[in-house]
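User: I would like to learn how to read the features of a structure like this one. Please take me through them in turn.

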Amino acid sequence: MALGPRPFSLQLMLHQLTPLEETRAYKIIFGRGESKGKAEGIAEGKAEGMADGKADSLERLLRHRFGPLPDRASARISAAELSQLDAWLDAVLDIDGIEELLGPAP
């Protein structure tokens, strides 16, 4: 009595001949995901770099104008979103004190 191959035998045989990771379809799909991930990572890194640069500039301007910054001011600035940093940078030359820009201490 001849037994035919088990249902998974063909799949197992093909995998042994050409591992999934080496197939054209896998490489195309993986490549697309990798490209998308790189693009997202670059955009995120660029935004973080811009925010860090703006936060550093704001702190530098405030220190030049008002002296050493309170810890809460530095913490508030480093946690701020890019749009908030832009607004503070726009207003920094028109204020009379740090509290006027960042708000009173809690």
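User: How much accessible surface does the protein have, and what share of it belongs to carbon and sulfur atoms?

Analyst: This is a predicted model, in which local features need pLDDT of at least 70 and side-chain atom pairs count only at pLDDT 80 or more, while totals for chains, interfaces and linings use all residues. Residues are numbered from 1 along each chain as its sequence is written, and side-chain values use heavy atoms, with hydrogens and water left out. Accessible areas come from the Shrake-Rupley method with a 1.4 Å probe, and for residues only the protein chains shown count as cover. Here the surface comes to about 8,400 Å², and 58% of that belongs to carbon and sulfur atoms.

User: How many helices and strands does the protein have?

Analyst: Helices (H or I, at least four residues) and strands (E, at least two) are DSSP runs, numbered from the N terminus. This protein has 5 helices and 0 strands.

User: Which residues of H2 are buried?

Analyst: Buried means under 20% relative accessible area, exposed over 50%, and partly exposed in between (1.4 Å probe, protein chains only). An α-helix has 3.6 residues a turn, so residues three or four places apart point the same way. In H2 the buried residues are Ala51, Ala55, Leu58, Glu59 and Leu62. Their cover includes H3, H4 and H5.

User: Which residues have the most contacts inside the largest nonpolar core?

Analyst: In soluble globular proteins, nonpolar side chains tend to be buried together. A nonpolar core is a set of buried Ala, Val, Leu, Ile, Met, Phe, Trp, Tyr and Cys residues joined through side-chain atoms within 4.5 Å. The largest one here has 15 residues, and those with the most contacts inside it are Leu58, Leu62, Ile77, Leu85, Trp88, Leu101 and Leu102. H2, H3, H4 and H5 each supply at least two residues of this core, and the largest share, 4 residues, is from H2.

User: What does Arg76 contact, leaving aside neighbours within four places in sequence?

Analyst: Contact means heavy atoms within 4.5 Å. Arg76, in helix H3, is in contact with Trp88, Leu102 and Gly103 on that count. Arg76 is partly exposed, because its relative accessible area is 40%.
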